[in-house]
Amino acid sequence: MRRLFPQEICAAVGGTLLQGEGSALITGVTTDSRAVSAGQLFIPLTGERFDGHAYIDMALEKGAAGCLCAKIPENLQPGKFYIAVDDTEAALDEYARANPDVQHPERAAMGDEVTLDFEGFVDGVPFEGGKGEQYPLLLGSGYFIPGFE
């Protein structure tokens, strides 16, 4: 794995370096804060019902070297790099094109089977039957939560 400088990542994604100098050994890229490994670049994606920006701190605390962000966190963690971009999904695509040697997350599409761990809450309280581990879901099946797939 070659050492990537935050400035190289900025150039690849058209971003602005907010914090972080020197180099960072990027061992991969993740969009899942729960599965981040040391040295990865965390890219928070947003959707209709979720915003990965809420998990930037968690990803960095778990070892991510830095992150891309379209929403700037109030507090920047020391020793981590932050790169501001207009759109994190577009930046992920640009980063992947510019760095084919780095492991990139695969995106699931309709018709793919994914495995989920989940827990449902109502008013902050877990409800009976609302928890699952290693749950197989065929995307597009309409079997899970309406609007989730």
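I count two residues as in contact when heavy atoms lie within 4.5 Å. This is a predicted model, in which I take local features only at pLDDT of at least 70 and side-chain atom pairs only at pLDDT 80 or more, while totals for chains, interfaces and linings use all residues. Residues are numbered from 1 along each chain as its sequence is written, and side-chain values use heavy atoms, with hydrogens and water left out.

**Entry 1: Thr 30**

I started with Thr 30, which sits in strand β2, residues 28-30. My helices (H or I, at least four residues) and strands (E, at least two) are DSSP runs, numbered from the N terminus. Setting aside neighbours within four places in sequence, I found Thr 30 touching Val 36, Gln 40, Leu 41, Phe 42 and Ile 43. Is Thr 30 buried or exposed? It is buried, at 8% relative accessible area; buried means under 20%, exposed over 50% and partly exposed in between, with a 1.4 Å probe and protein chains only. I also noted that a polar atom of the Thr 30 side chain lies 3.0 Å from the backbone nitrogen of Asp 32.

**Entry 2: the sheet**

Next I looked up the strand order. Five strands make an open sheet, β1-β5-β4-β3-β2, with mixed pairing; two strands pair if DSSP finds at least two bridges between them. β1 (16-19) and β2 are the edge strands with a single partner each, so one side of each has no neighbour in the sheet. From one strand to the next the twist averages 25°. β1 and β5 run antiparallel and are joined by three bridges; Thr 16 has Ala 84 in β5 as its bridge partner.

Then I checked what packs on the sheet. α1 touches β1, β3, β4 and β5, and its direction makes about 20° with that of β5. α3 touches β2, β3 and β4, at about 125° to the direction of β4. These axes are lines fitted to C-alpha atoms, for helices over the stretch in contact, and the angles run from 0 to 180 degrees between N-to-C directions.

**Entry 3: the cores**

For a nonpolar core I take buried Ala, Val, Leu, Ile, Met, Phe, Trp, Tyr and Cys residues joined through side-chain atoms within 4.5 Å. The largest has 19 residues, and Ile 26, Leu 41 and Leu 68 have the most contacts inside it. α1 (6-13), β5 (81-84) and α3 (88-98) each give two or more residues to this core, and α1 gives the most, four. Beyond its neighbours within four places in sequence, Leu 41 has contacts that include Ile 9, Ile 26, Leu 68, Phe 81 and Tyr 95. Another core, of nine residues, lies apart from the largest one and has Val 36 and Ile 56 among its members.

**Entry 4: salt bridges**

How many salt bridges does the structure hold? I get three, counting a side-chain nitrogen of Lys or Arg within 4 Å of a carboxyl oxygen of Asp or Glu.

- Arg 34 pairs with Asp 32, closest N and O atoms 3.0 Å apart; Arg 34 is exposed at 57%, and Asp 32 is partly exposed at 25%.
- Asp 51 meets Lys 71 at 2.4 Å, N to O. Asp 51 is in the loop between β3 (40-42) and α2 (56-61) and Lys 71 in the loop between β4 (66-69) and β5, so this pair ties together parts 20 residues apart in sequence.
- Arg 97 pairs with Glu 94 at 2.5 Å between the closest N and O atoms. They are three residues apart in helix α3, so about one helical turn separates them.

Terms used
Polar contact = N/O pair within 3.5 Å; in protein donor to acceptor, adjacent residues only side chain to side chain.
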